[in-house]
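Good morning, colleagues. Please look at the sequence and the structure on the screen while I take you through a few of their features.

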Amino acid sequence: MIFKRTKLAGVIEIHVDPRNDERGFFARSWCESEFASHGLNPRLVQCNISFNARKGTLRGIHYQDEPYREAKLVRCTQGAIYDVAVDLRPDSTTFRHWVAAVLSAENRHMLYIPEGCGHALLTLTDNTEVFYQMSEFYHPESARGVRFDDPAFEIVWPEKIEVISERDRKCPNFEG
């Protein structure tokens, strides 16, 4: 795997490093010791899938608060997404900044989002599937969200938002 730092502290774009042969290729997408050696949380307790039928579907900005903060590793297994991490850590040098990466089934890139950062995605194609690996179990009492269009972040979405849940539409602006 190839670990590429982003402008947000602790947010890493990860590329697979394929080994090609006449059959195609083989590549690792997860290695506990390699993640730990790069200072990333190697704990893995839960994997989730989201399927999104329509291009322009927005999910987020989501995170889990104390005591169940979580790190996420996000990969798009079908279609393509604009994947966004927002730094919600008040003590961070990149507090309130955001970074985005295009993740697709074709490029096989992943985005590691550490504890204390929010996560959102916008689908760039119809029939998009996203695979999430989580460092913490889901705890509804710690689940939080902030508005996708909060002026505190000024996220630039590359496509029109066509589908958004009522829950995400009603998220508050960030108060940190």
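How many salt bridges does a search of the whole structure find? It finds eleven, where a salt bridge is a side-chain nitrogen of Lys or Arg within 4 Å of a carboxyl oxygen of Asp or Glu. Before I go on, please note that this is a predicted model, in which local features need pLDDT of at least 70 and side-chain atom pairs count only at pLDDT 80 or more, while totals for chains, interfaces and linings use all residues. Residues are numbered from 1 along each chain as its sequence is written, and side-chain values use heavy atoms, with hydrogens and water left out.

Aspartate 21 is paired with arginine 23, and their closest N and O atoms are 2.4 Å apart. I shall call a residue buried under 20% relative accessible area, exposed over 50%, and partly exposed in between, using a 1.4 Å probe and protein chains only. On that scale aspartate 21 is partly exposed at 32%, and arginine 23 is exposed at 72%.

Another salt bridge joins arginine 144 to aspartate 65, at 3.9 Å from N to O. This pair connects distant parts of the chain, 79 residues apart: arginine 144 belongs to strand 13 (residues 143-145), and aspartate 65 to the loop between strand 6 and strand 7. Strands here are DSSP runs (E, at least two residues), numbered from the N terminus. Arginine 144 is partly exposed at 31%, and aspartate 65 is partly exposed at 30%.

Glutamate 166 and lysine 170 also meet in a salt bridge, at 3.5 Å from N to O. Through shared partners, Glu166, Arg169 and Lys170 are joined into one network.

I turn now to the sheet. Which order do the six strands of the open sheet follow? The order is 1-2-10-7-12-5, with antiparallel pairing; two strands count as paired if DSSP finds at least two bridges between them. Strand 1 (2-5) and strand 5 (46-52) stand at the edges with a single partner strand each, so one side of each has no neighbour in the sheet.

Within this sheet, strand 1 and strand 2 pair over four bridges, and isoleucine 2 stands opposite histidine 15. Strand 2 (residues 12-15) is joined to strand 10 by three bridges, with isoleucine 12 opposite tyrosine 112. On to the next pairing: four bridges join strand 7 (residues 72-78) to strand 10, and valine 74 faces leucine 111 there.

Is strand 10 (residues 110-113) buried or exposed on its two faces? Both faces are covered, as Met110 and Tyr112 on one side and Leu111 and Ile113 on the other are all buried.

Next, the interior. A nonpolar core is a set of buried Ala, Val, Leu, Ile, Met, Phe, Trp, Tyr and Cys residues joined through side-chain atoms within 4.5 Å. The largest one has 19 residues, and Ile61, Tyr82, Val84, Val86, Phe153, Ile155 and Trp157 touch the most other members. Strand 8 gives the largest share, four residues. Apart from this core lies another, of 16 residues, including Ile81 and Leu121.

Finally, the cysteines. There are zero disulfides in the structure, a disulfide being a pair of cysteine sulfur atoms within 2.5 Å. For cysteine 31, the nearest cysteine sulfur is that of cysteine 47, 15 Å away. Cysteine 31 is buried at 15% relative accessibility, whereas cysteine 47 is partly exposed at 43%.
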